[in-house]
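Subject: Structure handover

Hello,

Here is the structure I promised to pass on. Please open it alongside this message.

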Amino acid sequence: MTVNSIIPNLNAQQLKDNSKGCETLQRTIRENHIEVVNCVIADCSNPDRANQVLELILDYLVDNIEDLDSKYAKAYQDHIEILHKDLETDLQKASKALAGFGDEDQLFVERFKEFKEELSDSLEKFLKKLRKDRETVDPYFKAKVDTVMKACQSDPGIPGLEEIERQRTDRFGGSYRSTYYGSIAAMRANLSKHFLSLNEGLQQSVDQLKSEVTNVLVNLKKGHLGNLTKERDAKFLGVITELLYKYNNQLELGFRTLWESQVSYEGLIIHSIRQHFDDELEPDLINNNTLSITNSESGKSQVEEFNQQEVKNRLEALHKKVVIKCKQTLDQWLTEPSQIRYFIIGEFFDRIHYAKDIGDQWRTFLRKEEIRSKVWPEFQRLKEHQKIQQKWQNLLDKAISSNQWKSMQFLK
């Protein structure tokens with residue numbers, strides 16, 4: 001766009017060389033790429049000359065005002081169009097900025113994927129540890145075995161001399177033989193009572209396993225299952241089992257199997273212990289030579305009618321023999337609970353991780369609003385995010401509505 005330029009002579013009386021500078025500029029104005037419609041040199045300190053310059057300008061404006069307005073308007077219209085396009089681009093970016101801010105589905109997909117990966121890794125590590133330890137002595141069971149052995153020694157169930165004599169007179173018709181066999185049965189019953197407490201050691205090992213599994217589950221960083229209940233140890237597994245049952249979820253089978261897992265002396269070891277009882281402490285199965293004494297002179301066995309001391313001595317020897325055999329048997333079972341722990345978790349892992357369509361069961365369970373808001377607390381904050389997102393979107397809609405090109409065009 002061309003402009004009207006006026007180059008004044010700034011007081012030539014005081015600045016003798018200023019006129020030459022003006023002439024030089026006038027002569028080289030196009031070389032300096034200054035576009036003008038007219039170029040004059042005037043001493044504007046002279047009112048008449050200043051008025052002449054002003055008249056030139058006003059005359060030019062009168063003749064060209066419409067063209068100049070049109071050019072100015074076009075320039076601003078072009079500038080507005082550039083601003084419109086820039087704003088349109090920025091508004092599109094703004095629309096995408098919070099696109100996933102309140103998206104429940106997208107958030108769940110991300111969190112669920114992280115949870116399943118961590119669950120798999122954590123249980124796999126736990127299972128590997130149990131596999132590595134399955135040949136080791138179970139400390140809980142060993143402690144109970146030691147306790148039982150001490151109980152067998154401190155409470156053998158062998159009658160004293162006076163009790164033997166009393167029973168011979170009152171119960172067994174004066175026969176030491178009958179008293180001896182009757183005392184064997186009573187001693188066996190007393191011994192078997194001690195071994196029943198092995199249940200505690202076996203179940204303590206399984207209960208510890210349940211606590212360890214619970215710790216694995218509640219300590220997951222990508223899904224806070226521990227927030228579903230304040231209960232821990234086996235009770236935690238029970239709560240989860242009942243929740244899954246409430247929702248008719250197939251994961252229930254795995255959790256219930258683990259929760260209800262029991263290892264009993266009766267079901268696991270009793271047959272090995274009772275075998276020793278039958279072999280050594282069952283009167284009807286004991287060889288009659290039990291009461292035989294070998295004659296040192298003839299080398300032949302003979303049955304001798306003996307007194308209460310001999311009955312007591314023989315009961316003590318028999319008790320010692322049986323307890324030693326039972327201890328040897330139990331020593332062979334010391335690693336069995338470690339094996340059982342490994343297999344229990346192997347079954348649990350299969351049921352909650354590898355079973356067919358089990359991933360869908362986890363997804364269905366965790367997607368429930370009352371579950372996911374506890375497992376992932378950020379879902380509780382999601383509603384506030386959605387309010388922010390809606391407010392943001394409303395403002396964007398207003399801005400987009402205002403940024404319409406048609407409403408910005410003022411030139412036809």
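Below is what was found in it, topic by topic.

**Ground rules**

This is a predicted model, so local features need pLDDT of at least 70, side-chain atom pairs count only at pLDDT 80 or more, and totals for chains, interfaces and linings use all residues. Residues are numbered from 1 along each chain as its sequence is written, and side-chain values use heavy atoms, with hydrogens and water left out.

**Overview**

The protein chain has 17 helices and four strands. Both are DSSP runs, numbered from the N terminus: helices are H or I with at least four residues, strands are E with at least two. The chain has 412 residues, and 36% of them count as buried. Buried means under 20% relative accessible area, exposed means over 50%, and partly exposed is in between (1.4 Å probe, protein chains only).

The chain exposes about 24,700 Å². Carbon and sulfur atoms supply 50% of that area. Accessible areas come from the Shrake-Rupley method with a 1.4 Å probe; for residues, only the protein chains shown count as cover.

Now the contacts, meaning heavy atoms within 4.5 Å. Take those between residues at least 6 apart in sequence: 76% join residues at least 24 apart.

**Aromatic pairs**

The structure holds eleven aromatic pairs. Rings of Phe, Tyr and Trp (its six-membered ring) pair if their centres lie within 6.5 Å; planes under 30 degrees apart count as stacked, over 60 as edge-to-face and the rest as tilted.

Start with Phe-108 and Phe-112. Their ring centres are 5.7 Å apart and their planes meet at 15 degrees, so this pair is stacked. Both sit in helix H3 (residues 104-133), four residues apart, which means about one helical turn separates them. Phe-108 is buried, at 0% relative accessible area. Phe-112 is buried too, at 6%.

Phe-108 also pairs with Trp-376, this time edge-to-face. The centres are 5.7 Å apart, with 90 degrees between the planes. This pair links distant parts of the chain, 268 residues apart. Phe-108 is in H3, while Trp-376 is in the loop between helix H15 (369-375) and helix H16 (378-402). Trp-376 is buried, with a relative accessible area of 2%.

These rings belong to a cluster. Ring pairs link Phe-108, Phe-112, Phe-115, Phe-255, Phe-348, Trp-362, Trp-376 and Phe-379.

**Helix H14**

Trp-362 leads on to helix H14 (residues 358-367), where the buried residues are Ile-358, Gln-361, Trp-362, Phe-365 and Leu-366. Seen down the axis of H14, they fall within an arc of 120 degrees, so they line one face of the helix. The arc is that of the directions from the helix axis to the C-beta atoms. What do the buried residues of H14 pack against? They pack against H3, helix H8 (234-246), helix H9 (251-259), helix H13 (336-354) and H15.

**Helix H1 and the cysteines**

In helix H1 (residues 18-28), Asn-18, Cys-22 and Thr-28 are buried. Down the axis of H1, its buried residues fall within an arc of 145 degrees, so they too line one face. On the other side of H1, Lys-20 and Arg-27 are exposed.

How many disulfides are there? The count is zero, where a disulfide is a pair of cysteine sulfur atoms within 2.5 Å. For Cys-22, the closest cysteine sulfur is in Cys-39, 8.8 Å away, too far for a bond. Cys-22 is buried at 6% relative accessibility, and Cys-39 is buried at 16%.

**Other sites**

Arg-168 lies over the face of Tyr-176, 4.5 Å from the ring centre. A charge sits over a ring if NZ of Lys or CZ of Arg is within 6 Å of the ring centre and within 35 degrees of the ring normal.

His-319 is found in helix H12 (residues 308-332). This histidine is buried, at 5% relative accessible area. Leaving aside neighbours within four places in sequence, His-319 is in contact with Cys-152, Pro-156, Ile-158, Met-187 and Leu-191. His-319 and Met-187 are 132 residues apart in sequence, yet 7.9 Å apart in space, C-alpha to C-alpha.

Gln-204 lies in helix H7 (residues 198-218). At 39% relative accessibility, Gln-204 is partly exposed. Gln-204 and Gln-262 are 58 residues apart along the chain, with 9.8 Å between their C-alpha atoms.

Best wishes
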